[in-house]
Structures are given as structure tokens and as C-alpha cells.
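User: Could you take a close look at a single helix of this protein, and explain how its residues sit relative to the rest of the chain?

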Amino acid sequence: MRNLKLVPSPAPQTDPALPARRGRRRFLIGGLLAGGAMLVGWGMQPPRQRLHTADPLQVEGGAVALNGWIAIAPDGTVSVVVPRSEMGQGVHTALPMLLAEELDVPLAAVRIVKAPIDKIFANVAVMRENLPFHPDDEGSVRQGANWLLAKVGRELGIMFTGGSSSVRDAWTPMREAGAVARAMLLRAAAETWGATPADCRTEDGFVIHRDGRRAGYGALAARAAAFDVAPGEVRLKEPGAFRLIGQPVPRVDSRIKADGSARFGIDARPPGMVYAAVRMSPVVGGKPGAVDAAKVKGMPGVIAVADFSSALAEHSGAGAGVAVVAASWWQARQAAQALPVSWIDGEHARLSSEDVFEGFARALDGESGYVYHETGAAEIKDAALSVSAEYRAPYLAHATMEPVNCTAQVADGKVRLWASTQVPSIAVDVAARVAGVAREQVEIEVMLLGGGFGRRLEADMVAQAVAVAAAPEVRGKPVQLIWTREDDTTHDVYRPAALARFRAHLDAEGNILSWDNKSASAAIGHQYFPRNLGLPAVGPDKTTAEGEFDHQYAIPNQRVEHVTVDSPVPIGYWRSVGHSHNAFFKEGFLDELAHAGKQDGVALRRKLLGAHPGAVAVLDAAVKAAGEPAPGRAHGVALHRSFGTTVAQVAEVSVEGKDIRVHRVVCAIDCGIVVNPNIVAQQVESAVVFALSAALGGEITLAEGRVQQSNFGDYPVLRMDRTPHVETIIMPSAAHPEGVGEPAVPPLAPAVAAAVFKLTGQRLRSLPLRLS
């Protein structure tokens with residue numbers, strides 16, 4: 001059940017100046033910016049435009065393209081390019097709202113069209129998110145690095161849906177595209193009437209002269225295309241003038257998902273399609289030895305057996321192995337299960353979860369890490385109390401509802417893809433590499449995604465499907481490759497496991513004098529960039545320590561350090577990435593310090609957030625709305641900032657025996673300007689369910705190099721009868737939009753753990769949360 005609240009605006013407040021932060025990241029980024037005359041010279045050039053595609057936008061039915069984002073048909077229908085994948089987060093509604101607002105058309109007149117692979121649709125915002133800066137650091141080094149990384153993102157041209165960045169990235173270019181098109185239409189109407197644009201206004205898809213004459217956009221589009229208007233010539237609307245942005249508009253994909261007509265990747269049905277099922281090495285890093293294909297080629301429907309091992313990059317989620325192609329997927333699956341394969345287990349055949357965590361412990365004991373944040377003194381004198389703790393988090397699977405799949409056709413030197421992907425440009429590059437064709441010879445249809453959560457930032461299933469479709473026996477036929485749930489659970493790119501140690505000093509009044517945090521885990525970027533982009537894995541990976549080094553609490557003496565430990569286990573981006581476990585570590589230890597110092601956890605947070613009144617307002621809103629817990633229950637509170645958004649959560653929890661039950665979650669969120677409050681509430685509810693699944697049951701373990709979990713029986717997700725009531729409070733803001741899809745995940749586990757401690761006295765420092 002949903003309960004959505006928008007709180008009234010508080011009086012404006014200004015954060016006081018904060019002291020400069022020290023850290024080696026300044027040297028690192030400064031060196032990047034100063035690294036050679038050519039780089040500096042290129043960096044000083046203005047960013048490339050994001051209005052026009054390299055090739056003209058493809059249009060149908062007499063429509064006219066006014067720029068790379070928008071075309072208008074004679075009947076006034078507006079076609080809008082949405083370059084982000086719809087995976088349930090609402091971008092097919094939110095992003096068209098941005099353009100429709102500036103264009104002055106009703107959302108009902110807008111339809112979404114396929115995004116071509118073009119660099120203007122690159123996700124620039126997500127590049128800046130990877131910079132290892134503290135959020136309070138707004139100096140020239142950070143500004144320069146933001147500028148440079150934005151340019152790099154534009155040049156790389158990666159069409160990327162993730163990092164809670166879709167609205168953040170589209171906020172300016174899509175509004176500019178709408179505003180530029182509107183200016184062109186105004187000029188066309190003014191010329192037609194012998195007037196000036198100042199004599200005209202726009203409303204609901206019409207240009208209206210002050211004397212009452214009116215013309216529809218459809219009638220003006222052809223003439224408008226002759227005018228050349230640049231983004232710098234238009235003024236975007238101020239928030240007070242918004243008529244669409246901020247409204248709880250119904251989602252455009254609700255009907256098709258309710259009536260079953262929505263087409264996900266697994267629903268692709270090109271003519272002549274055949275199916276492929278896979279057998280992959282059960283051991284991390286293993287590969288197939290002998291394969292007796294003859295044993296299954298006589299089975300019903302079987303067409304071919306193909307080895308896809310060489311198509312996969314190192315550390316792919318997909319294991320090396322083979323696929324069986326047949327007329328139906330069931331025939332392919334039955335034959336794949338019957339296929340005799342001997343496996344070469346390789347060097348990780350004895351790997352266990354215990355080995356992984358022992359490696360982390362050795363690294364923390366004996367290695368110096370990268371210092372992400374350091375302030376104050378190294379030695380603390382006159383402390384009344386010292387508190388230490390160790391926290392750990394396991395590997396986690398993504399468990400998307402739509403099974404991993406990809407449909408590929410290789411014919412006549414060209415490749416066609418039908419894919420549920422968060423990275424269509426990467427999918428195209430991978431398909432081109434595997435098929436041995438130019439990327440211009442690859443065409444992709446991006447389908448709806450039945451969940452992404454970061455799993456579909458990978459292209460391992462694309463590599464498999466293309467390799468199989470290129471096999472001689474099936475070349476020319478579309479091949480739909482589908483994994484079982486067991487394939488998916490045992491061959492994911494997992495959320496990294498992590499181990500963190502904390503030590504703090506308190507004075508006699510319970511004030512925190514120092515905070516030392518050293519953690520160890522693998523670095524996602526060190527695997528993701530080589531396997532998907534062909535880029536080297538160098539330097540610190542901010543995701544390893546995000547949520548630890550960039551908290552908002554004012555503690556005078558801090559040191560936050562991370563040791564990267566290379567992982568044989570494939571790892572990848574998981575919803576909220578490093579924040580997902582680091583918030584549990586950080587907020588859990590803060591609760592320990594509040595208890596040790598005989599302070600209330602909420603009061604302590606308020607005190608430490610004195611320089612961030614906005615964060616205090618979020619915390620207070622959540623606590624006030626939560627009220628008092630029901631008899632027999634307790635409230636746990638956590639606050640965390642991620643992807644530019646601050647979230648406070650209050651979890652109402654009961655414990656019966658060893659059963660932890662969450663009945664209610666109150667979530668206050670400050671995410672900047674809200675495009676659609678309904679979508680924000682949906683994302684918060686989704687995040688709570690996702691996070692609670694992980695907090696209470698999510699765990700991937702290894703023994704003898706094999707993942708031990710296989711399906712929802714041993715990797716449970718939250719059932720409806722265990723789903724808490726979620727109340728969402730949206731804080732008012734006129735700031736730039738920030739992330740929404742992920743920020744409500746990190747605070748959930750520590751809030752639940754805090755409530756469990758109140759009820760039982762047990763301090764749970766490991767995920768998933770289990771009572772002894």
C-alpha cells in the first residue's frame with residue numbers, strides 16, 4: 001500500500017562554509033587535468049553539442065525532424081527519442097515530460113520512438129558520478145574534473161541506463177530540444193502571419209497569435225525545419241512556470257503491462273526464429289573439455305551445438321561453455337541437459353566464501369589502502385572511550401524477474417539484435433566484435449526490460465547469442481538464447497562481498513572525537529571497463545568506498561581508507577552499488593557509537609548534521625511521520641546520501657523467535673526537483689522491497705569454486721505477504737534533479753538492524769540479518 005506525502009517548503013537556509021578536505025584524490029585528479037598539452041588543449045574546448053544526431057533522425061508518415069530528439073507529424077503527433085531503457089523505473093514517462101514541458105504539448109500527443117546509436121545520447125551525468133570527491137568539496141579541482149569527465153562521456157558516446165542518472169542527464173538536453181523546437185515553430189508561425197515571435201505564444205500543441213489566430217504544430221513543422229535555432233538562443237522555463245513537470249501523471253506503459261501487450265526481450269519473435277539453451281562451467285573460471293555433440297543431435301528439434309567460450313571476455317558473468325540450438329526452447333533445454341560435457345575446473349576449483357573473507361582480513365591487516373578522505377589529527381588524546389567493530393556483506397545476485405536472454409541474427413555480413421539491455425551502444429560493439437563486422441553493420445532493437453538492477457549493464461548474453469547465431473548450421477536464422485533461473489543465479493556478475501573495520505574515540509559526554517574506517521573488497525570498475533569497454537582498469541574505484549568516505553556527518557578527525565583485493569568471482573554493478581553495503585556499515589557503527597555514548601541515535605545524527613540543514617529536515621520529516629511504534633515493535637532509523645539524494649528511513653520491526661518482520665517503512669527523500677511524484681513513490685517502494693529482500697535473505701556463497709544458491713528456494717526475494725507498508729515523503733526543492741532509482745536502498749538494512757538491537761540487544765554486523 002502506498003502513502004505519498006509532499007511536505008511544505010521550509011524557509012531557505014544556507015550551508016556555512018566547510019573546511020577544505022585533504023586527500024590524495026586531489027593529486028590524482030589534478031594530474032589528470034594537467035596531463036599533457038594535448039589533453040589540456042582538448043579539455044579547454046567547449047563540449048560538443050547534444051541537439052543534432054550525426055545522421056538525420058529517421059521519420060515516418062510525413063513527419064518532420066526538428067532536431068535529433070523530436071519529430072512532428074502532420075496530425076500534430078510528436079515523436080520523441082528516449083535513449084534510456086525502460087526497466088520499470090518510468091523513464092518512458094518522465095523523459096517525454098521534460099521535452100513536452102518546454103515544447104508546450106500535452107503528453108497524450110507524444111509517442112516514443114527508437115533511439116539510434118548516436119553520441120548525443122551518451123549518458124554524461126553518470127561519468128561525473130564516478131569522481132571520488134566528497135560532496136562538500138566544491139573547489140576548482142572538482143569543477144575542472146567534472147568538466148573534463150563530461151566531455152569524456154560525450155566523446156565515448158556510451159548509451160547507459162543506470163546510476164540513477166536518466167533524469168539528471170536528460171534534464172538539460174531534452175528540455176533544450178523541446179525549447180529549440182518551440183522557438184522554431186514560433187518563427188514559422190510568425191513568418192506565415194507576417195508577425196514577430198513576440199506576438200505569439202504556444203499552448204497545447206498550437207501557436208496562438210495575440211489576435212486569436214492559431215496554427216497546429218503539425219501544420220507548421222515543415223516550415224519550422226528551415227529555421228536554425230541553437231540551445232543558447234532559448235531560455236528554459238523557470239520552475240514556477242512548469243505546467244507538466246511536478247505533476248503525478250499516469251505512466252504511459254501501465255496499460256500495456258497490465259494487458260500483456262508489452263514486449264520484453266524474451267517476447268521477440270522475428271520470423272524463422274530458433275532457440276538456444278546453455279551449459280556453462282559450474283566452476284568460476286572453468287571451461288569445457290570434451291563435448292560429445294553427436295549424443296544429442298538426434299534428439300527432437302535439435303539443430304546445432306555451438307561453443308561460445310571464445311566470445312566471452314575475462315570475468316564475464318556467463319561461464320565458458322556451449323549452447324544447443326533447437327526448434328523450441330524446451331527441446332533446446334532438454335538436449336542441453338543431456339549433452340555430455342567434461343569440464344576443466346581450472347585454478348579456482350577450491351575457492352570458498354571463507355577464502356574470500358580471509359583474503360580481505362589479510363589485506364586489512366597488512367596492506368595500505370587508498371585514502372579517500374582524511375581530516376584532523378592521526379592521534380587522539382584524552383579520549384574517554386574507544387569503540388571498534390567489524391562488518392561484512394556477502395556477494396549478491398541481481399535476480400531480475402525476466403530471465404537473461406538475447407536474440408541475434410547473423411546474415412550477409414550484418415547482425416540484428418533484439419535485447420533487453422541497459423547499454424545498447426556496448427551491446428552493438430560487442431556484437432560487432434564477436435561477428436567480425438563493423439559496428440555500423442549492427443542493428444539493435446531495445447526491448448522493455450523485466451528488471452535490470454545493473455545486470456543488464458553487461459553484454460555477456462549478447463556475446464553468447466551472436467556467437468551461437470554465427471554457427472554455420474544456424475547462420476541467417478534469428479536465435480533466441482535464454483538462461484534458466486539456475487543459470488542466472490550461478491553465473492551472475494555479483495554485488496561485491498566486502499569487509500569493513502571501524503574504530504572511534506568518544507569523550508566523556510559521548511561526543512565522537514575520531515572515526516577510522518578501513519574496508520576491503522574487489523573493485524567493480526577493474527572488471528567492468530576491460531570486459532565491456534576494452535579500457536584498462538587503473539586507479540581507485542570510487543564505488544568501493546562510496547557511502548563511507550562521503551557521508552555528511554561532521555566528525556573532526558576522520559580517515560577513510562579502502563584496500564582493493566582482486567576478485568576471481570565476476571562482479572558488477574548492483575542497485576545502489578557500493579552504497580548498498582557501505583551504508584549498512586557506516587550507519588550501523590554510528591548507532592553503536594550512539595549507544596556507547598549513551599545518546600539517542602536520532603539526536604546524535606542531528607548534532608552531526610549541523611552543517612547540512614537539508615539533511616536534518618529529511619531526518620526530521622521521516623521521524624515525525626513515523627510517530628511511535630506499535631506495541632511489541634521498535635523503530636530503527638538510518639540516513640544516507642547517494643546519487644545526490646538524501647534519504648532517511650524509519651523501519652518498524654518486530655521479532656518473534658528468530659523471525660525478523662518489517663511492518664512499515666517511512667521514507668523521506670530529498671531528490672531535487674521532482675518530475676513525477678508518482679514515479680518517485682514507485683521507485684521508493686521498489687527500492688524498499690529490493691533492499692529488504694537482500695537484508696533478510698540475500699546471500700551468494702561459494703564452495704569448491706561453485707555458487708551454492710540456484711533459485712528462489714535458496715536465494716529468496718520478498719513475498720507479498722511479507723511486504724511492509726511504505727510511506728513516501730517527498731521534500732520540496734528547486735535544485736537540479738538528482739537520483740531516485742537507487743537512494744532508498746542503502747538505508748533500509750541499517751534501519752532494520754537498529755530496530756532489532758532495540759528489541760533483542762543483539763548487534764547484527766553481517767548481512768543478511770540473522771539472529772543467533
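Analyst: Two parts of a chain are said to be in contact when they have heavy atoms within 4.5 Å, and a residue is called buried when it has under 20% relative accessible area. With those terms in hand, and keeping in mind that this is a predicted model, we can turn to helix H15, which covers residues 525-533. Its buried residues are Gly525, Gln527, Tyr528, Arg531 and Asn532. Seen down the axis of H15, these buried residues fall within an arc of 160 degrees, so they line one face of the helix. The background to this is that an α-helix has 3.6 residues a turn, so residues three or four places apart point the same way. What do the buried residues of H15 pack against? They pack against helix H12, which is formed by residues 424-435.

Buried residues make up 58% of the 772 residues in the protein chain, and residues 24 or more positions apart account for 78% of its contacts with a separation of 6 or more. For 772 residues, a compact globule would have a radius of gyration near 28 Å, and the protein chain agrees with this because its own value is 27 Å. Along its principal axes, the C-alpha trace spans about 80 × 75 × 60 Å.

Notes. Residues are numbered from 1 along each chain as its sequence is written. This is a predicted model: local features need pLDDT of at least 70, side-chain atom pairs count only at pLDDT 80 or more; totals for chains, interfaces and linings use all residues. Side-chain values use heavy atoms; hydrogens and water are left out. The radius of gyration is taken over C-alpha atoms; the globule rule is 2.2 Å times the number of residues to the power 0.38. Buried means under 20% relative accessible area, exposed over 50%, partly exposed in between (1.4 Å probe, protein chains only). Helices (H or I, at least four residues) and strands (E, at least two) are DSSP runs, numbered from the N terminus. The arc is that of the directions from the helix axis to the C-beta atoms.
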